[in-house]
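Here is a short briefing on a protein model. Keep the sequence and the 3D view open as you read.

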Number of protein chains: 2
Amino acid sequence: MPLTTIPNELPAVHTDVVIFTVQEARLDVLLTQRRHQPFAGHWSLPGGFVRIEESLEQAARRVLAEQTGTRQLYLEQLYTFGAPRRDLRARIISVAYFALASADKVGNTSHDNAWVAWHPAFDPPLLAFDHGEIVAYAIERLRYKLEYTAAAFQLLPEQFTLRELQNAYEVILRESLDKRNFRRKILSTQILEATDDYRYGDHRPARLYRFSHEAKFEGQARRLFP
Amino acid sequence: MPLTTIPNELPAVHTDVVIFTVQEARLDVLLTQRRHQPFAGHWSLPGGFVRIEESLEQAARRVLAEQTGTRQLYLEQLYTFGAPRRDLRARIISVAYFALASADKVGNTSHDNAWVAWHPAFDPPLLAFDHGEIVAYAIERLRYKLEYTAAAFQLLPEQFTLRELQNAYEVILRESLDKRNFRRKILSTQILEATDDYRYGDHRPARLYRFSHEAKFEGQARRLFP
């Protein structure tokens with residue numbers, strides 16, 4: 001029979017936000033250092049309790065702006081973590097959000113705010129609560145998105161070489177990819193457009209590519225059906 | 001600055017479960033009829049409040065068993081719906097779960113339980129709360145899973161003909177697929193294994209296939225990378 005009365009004892013609802021970037025051949029995650037108990041001094045994901053009048057995404061945007069100065073990222077809901085003992089203070093359920101950023105888009109990390117910093121996502125410091133598990137889950141989602149969608153455009157500048165794109169994939173998949181094979185596959189998905197521009201450097205000029213508008217906004221690289 | 005005190009005013013946390021099946025060339029969703037206000041008499045997804053000591057998935061399993069007699073389905077977390085005014089009684093956040101079933105696995109729908117019934121997923125009765133939106137979101141997830149994974153095995157018997165598989169895809173994608181093209185694509189993904197058995201009927205015998213063990217448990221039909 002459907003329950004229609006609201007229980008007396010309620011869990012608290014929190015949101016935590018996982019932001020990734022790729023810089024210096026490393027996948028980084030944005031962390032904040034906790035100043036209060038529990039886990040004072042430990043690093044954790046930016047996060048806070050959902051206010052009674054705001055939506056879940058509004059809460060995620062608010063805590064991200066308050067704690068890191070970051071705005072205008074495309075946030076996607078990642079997963080809701082609700083193990084009964086994940087926080088020993090009380091029953092706290094966390095609705096986690098996820099975003100990709102180029103490192104220059106994220107504020108508050110380079111000046112006087114020692115409480116916010118990028119850390120290596122595959123080798124983070126000891127994290128508070130179950131945030132290590134949340135980061136691991138977000139890495140799986142990121143890999144999946146790279147395999148099936150054009151999501152990498154959010155990590156790269158507007159134009160990039162195929163080598164730069166391959167580097168981003170290698171850093172996130174943690175394996176070296178065969179250059180010919182990578183190029184053949186990525187070009188066959190038709191998510192990239194060649195530009196008329198080249199990157200000049202020590203080697204021979206490398207053509208610059210960009211993601212097609214359609215690939216960015218449809219989000220999907222290839223459909224099996226129909 | 002991280003919040004560390006738990007707010008006084010807390011939302012309630014609910015779970016709602018979307019179960020799909022394909023029967024008689026139709027995609028159906030399992031609904032229960034509400035006996036209490038609000039929305040008394042309306043159809044809604046099976047669901048209930050999360051108890052303070054149970055995990056989110058435990059809550060989904062419990063309400064499903066209590067309300068529909070259904071057990072042992074593979075439940076996947078779908079999405080958390082948290083618009084502030086989605087329920088006018090109070091702030092109620094719903095963690096939605098999702099499952100596929102062959103129709104014979106779901107109890108309580110064929111005998112004396114008029115409160116639970118299958119309804120057409122693309123043309124359901126007027127649903128309580130935002131459950132219409134939750135069903136629509138679940139259909140998108142289902143289509144995505146059919147395009148990218150071997151999830152259809154959960155809707156079909158152990159062995160099936162390619163025509164039966166194509167029917168399931170057509171019902172869910174709501175379009176007729178070209179037979180040759182469908183066969184070529186589905187066989188190229190290597191998620192199917194031909195058996196030595198045939199279905200005999202009015203037409204010439206049709207070979208029976210099954211999903212490979214690997215496809216079922218990896219869940220993914222094809223990777224773009226590496």
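Where in chain B is B:Glu158 placed? B:Glu158 sits in the loop between α2 (131-148) and β8 (160-161) of chain B. Keep in mind that this is a predicted model.

**Around B:Glu158**
- Leaving aside neighbours within four places in sequence, B:Glu158 contacts B:Tyr209, B:Arg210 and B:Lys216.
- B:Pro205 is 47 residues from B:Glu158 in sequence, and their C-alpha atoms are 18 Å apart in space.

**Where chain B meets chain A**
- The two chains bring 56 residues of chain B into contact with 56 residues of chain A.
- About 5600 Å² is buried between chain B and chain A, and carbon and sulfur atoms give 63% of this area.
- Several elements of chain B each supply at least two residues to the side that touches chain A, including β1 (12-23), α1 (56-68) and α4 (179-188).
- By class, that side of chain B has 32 nonpolar, 11 polar and 13 charged residues.
- The count of salt bridges between chain B and chain A is 0.
- Polar contacts between chain B and chain A number 9 residue pairs, with both residues at pLDDT 80 or more.

**A buried threonine**
- B:Thr15 lies in strand β1 of chain B.
- Its relative accessible area is 1%, so B:Thr15 counts as buried.
- The side chain of B:Thr15 reaches the backbone oxygen of B:Val95 at 2.8 Å.

**Salt bridges**
- Over all chains, the structure holds 26 salt bridges.
- A:Asp87 pairs with A:Arg89, with the closest N and O atoms 2.6 Å apart.
- A:Asp87 is buried at 5% relative accessible area, whereas A:Arg89 is partly exposed at 31%.
- A:Arg210 and A:Glu193 meet in a salt bridge at 3.2 Å, N to O.
- That pair links distant parts of the chain: A:Arg210 is in strand β10 (residues 206-211) and A:Glu193 is in strand β9 (residues 192-199), 17 residues apart.
- B:Glu66 and B:Arg62 form a salt bridge at 3.4 Å, N to O.
- B:Glu66 and B:Arg62 are 4 residues apart in helix α1 of chain B, so about one helical turn separates them.

**Helix α2 of chain A**
- Helix α2 (residues 131-148) of chain A has 18 residues, so at 1.5 Å a residue it should span 26 Å.
- Its end C-alpha atoms are 26 Å apart, which agrees.
- Buried residues of α2(A) include A:Ile134, A:Leu142 and A:Tyr148.

Key. Residues are numbered from 1 along each chain as its sequence is written. Chains are lettered from A and ligands numbered from 1 in the order in which they are written. This is a predicted model: local features need pLDDT of at least 70, side-chain atom pairs count only at pLDDT 80 or more; totals for chains, interfaces and linings use all residues. Side-chain values use heavy atoms; hydrogens and water are left out. Contact means heavy atoms within 4.5 Å. Buried area is the accessible area (1.4 Å probe) that two parts lose on being put together, summed over both. A salt bridge is a side-chain nitrogen of Lys or Arg within 4 Å of a carboxyl oxygen of Asp or Glu. A polar contact is a pair of N or O atoms within 3.5 Å; within protein, one must be able to donate a hydrogen and the other to accept it, and residues adjacent in sequence count only if both atoms are side-chain atoms. Ala, Val, Leu, Ile, Met, Phe, Trp, Tyr, Cys and Pro count as nonpolar, Asp, Glu, Lys and Arg as charged, and the others, Gly among them, as polar. The expected span of a helix is 1.5 Å times one less than its number of residues. Buried means under 20% relative accessible area, exposed over 50%, partly exposed in between (1.4 Å probe, protein chains only).
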